[in-house]
Amino acid sequence: MWTANNATTASRWTNQPAMAAKYATSTATRGNPGCTAADGWITADVTTLAQYWAGQKWNTAGMGLRASSESDTLEWKRVNSANNTANQPKLTVTYNYRPSDGTNRQAGAPFKSYAGVWAVNTTTPVLRDTFTDTDGDQVNATFQIYDAATNTPITTPLGEGLLLSPYGEQGKPVSVTVPAGQLKDGRTYKFRTNAYDGTHYNLNWSPWTQFVVDTTAPAAPTSVASSTYPEDWVGGGAGTAGTWNVTASSDANAIRYRLDGTDTDGDDVPDSGAFSTAAATASGTGTTATLSATPAEDGAHELEVQPVDRASNLGPVLPYGFIAGGADVTRPHTVEIKLPVPNKDAPEPTYNNDPMPAWGWKGWGGAQSSGSNLPALQKRVFTSGDMTVTLTPKKERSLAGTRKAARQMQAQAAEYPDPIVTAPWCQPSAYGEAQKSMFTRDEVCVFIDAKFTAKTKIVPGVDPITYQADFEVAFMVKVDRKGNTIKTWIQWNPISNTFPAEDFAVMLDTADVDDYLVSTCYTDGCDGPKSFDWYGDPYWKGGNTAPNQPNDSHMLTGTASHAWNGKVNNAAGTKDADLSIDLPVFFAGSFDTAVEPPPLPGGGKGGWEDETGPFVSPRINVRCDKVKTYGTPGCVLKDYVPGYEINSAKAPAAAAHAWLMQQKMPGNYGRDPLHPLQYLPNQERNAPNIVPDKENRKVICPRTGKGKFVKHPSTGTFDELVSTGTADTKSCDEYAFNATYQSGGMPAALGGTNPVGELRGAECVQTYATKSTLYNDLRYADPKWTEVCGRSSMSGWINSAAMNRFGSTFAPEFRVLDKDEYWVDIKGLDDCDAAGVTVKCELKP
């Protein structure tokens, strides 16, 4: 097969077109009986010849066919010509169109261009282009990337800035991702493309397309203002449209905004609700935009404003609070508490572990308990037959018993067991007042009247005889807040004895099997009953020398020691109730007498009605725990209510706010030990399994939903107090605190005692603190003083300074667990009168 000149009408066998070059050879033959009987096709591959024609770009071309040797008869063949009626010779060509130039070069994300330059918000952007292929072949593309300023290629595995895409469907984009480490923020790059369909490349590179790398988000707007709805103030009203003028940085080309976004994941941060967008225009050195929105109802609202740059980088959300409608802000204040300048270096006050009355002290004087199950101040009677022991807790020891105990201590016998509670409030005085039944978080000193009566058996016609011995008992318990020891001390002081004047008339812990006295630490978490180590004889001779002057007046004093063995309710748990255990401590015993009953008439032998049964003193409620955040395990007297003191000199606004609500809110929570707060620790530890500063706080100081908190524009801040060098912020201070069961945000279903209603924090007393005064907030109605909570707009530094020691030192020191009671002491407001509707005074720490 040869390339030949084109045939013409003059072409003849003897005038053949010239043949220039041989391109193919075929040895196939048909029709000769020596080969095959039938005629058939013979073929040759003339691809190179067709390629030659295409390369010459000829419209027509000639082909010649001849034997390799025209003189060799063995190579003779006869073939059909084009004018044969059938099976004319033919040329079959399989051809391929090259893929097109790229039609849509883009860079992203976000795949947006400005003035012909694409902006990307990542240093590993996606580059893409779209190619068509007439044959419908899949295509891939070679991308070449240069630094636009230096006109040099970036570094790629293929070299020369080249990246190869995977194959993709023609007519749809194919893409590459620029490898990390090659592009830099702020620089401009360019790229071009070339397509390949698996057979042929496009013959040309595309034009260059530029893109700029911009990974820096725009700054927050420098100002947002509205004449209809001034920031943090009142204005307009439901259904009244407002406009806001926003000034932003020069790289912001749009402003997104949303009014009253909603919260769907429970973190009180708006995450739902459509944003609107306003275009920004250049103005001076920045940009400006005008927004429009309409609040649907009166009350607090929040407009979120967020700048967007050319690469769709989102800047910080700037919340803008306002109150639609609102109260008359020109009326006088009903709360006005003057505040001193905060003293950052004011010494921290000590916590309150002062002794309090024991034995159900909350019921004394008509005051009612807030819910503690404390032992009642009442008799405990133990009777077996007609022998009875009566134990009566006492508010205070008799003055005579106090003096007698003081004299015995002064004697200082070597073997006398020193009292385990040595604080002055528990020590007897030879000249002062009578000792009181008191306790602290780790020590208790209480007094009990004990009466032992024995009655002879009833015989017809004979009056029974009753003998009685009266004692005054002093009982002390001391626990270790950083250890496992539980010590007890007891002292029996005889007051009267009408038994016959015989030795062993009254026996309490002798070798006799019928009488005993033990110190008891109950439950399997402790080491059980322990015998007292006595000083003095555990028995008394009967008889009185005069009324209430027994013949035998010696005092019986003893000590015992217990140890918590480390057992808790559920060592595998995390809740405070799991990692603690109650260990009630008390004394128990049984009296007996060696006195023989009087003989019966006629000489018969009398008898006692029965032996006394065991008696048990009121319990001292000891609790031990292994709460991890408190470090070393330890024990406390859980019924004691410790006091936290706010540093009024350091955080005067927070102190004044807490004091105001303690005095005025129903329940007076936290005002004193009779009106305590209950601690709600973190989620890992509390029984309701909630996050207090999330669930409770978002109800009282919400950013979303009803009752939004809008900081007051006159809130005083103190940048000079912030040690980190950052600016102070305005914050929402709530009372009762979010970490209490008295928080208005704590629902009753989870144990809350003081929940707000549907309007949440808007139902609280509203106040704000300037740098010098705590006022009621005139944007809202005046307090009715029936509100169950308070929230105040105040300095964030002051707010946190008021309670920052609670979790770090107070709670660990007193081992305050879930639902434990405590109160909050606030100094400097003793001269303030909170009885009226108006409260105006001065805090003087």
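Two residues are said to be in contact when heavy atoms of theirs lie within 4.5 Å. By this test, residues 24 or more positions apart account for 71% of the contacts in the chain with a separation of 6 or more. The structure is a predicted model, in which local features need pLDDT of at least 70 and side-chain atom pairs count only at pLDDT 80 or more, while totals for chains, interfaces and linings use all residues. Residues are numbered from 1 along each chain as its sequence is written, and side-chain values use heavy atoms, with hydrogens and water left out.

The overall form of the chain comes next. Its secondary structure comes to six helices and 50 strands, where helices (H or I, at least four residues) and strands (E, at least two) are DSSP runs numbered from the N terminus. The radius of gyration, taken over C-alpha atoms, is 49 Å, well over the 28 Å that the globule rule (2.2 Å times the number of residues to the power 0.38) gives for 845 residues, so the chain is more spread out than a compact globule. Along the principal axes, the C-alpha atoms fill a box of roughly 180 × 85 × 50 Å.

Three strands form an open sheet in the order β2-β1-β3, with antiparallel pairing (two strands pair if DSSP finds at least two bridges between them). Strands β2 (19-22) and β3 (62-64) stand at the edges with a single partner strand each, so one side of each has no neighbour in the sheet. Strand β1 (residues 2-4) pairs with β2 over three bridges, and Trp2 has Lys22 in β2 as its bridge partner.

Further along, nonpolar residues gather in cores, which are sets of buried Ala, Val, Leu, Ile, Met, Phe, Trp, Tyr and Cys residues joined through side-chain atoms within 4.5 Å. The largest has 53 residues, of which Ile486, Trp492, Phe587, Phe615 and Val622 touch the most other members. Strand β29 (residues 466-479) gives this core its largest share, seven residues. Another core, of 52 residues, lies apart from it and includes Tyr644 and Leu829.

Finally, Ile690 lies in the loop between β44 (677-678) and α4 (692-695). Ile690 counts as buried, at 6% relative accessibility. Its contacts beyond four places in sequence include Leu680, Met746 and Leu750. The C-alpha atoms of Ile690 and Leu750 are separated by 9.1 Å, although these residues are 60 residues apart along the chain.

Conventions:
Buried means under 20% relative accessible area, exposed over 50%, partly exposed in between (1.4 Å probe, protein chains only).
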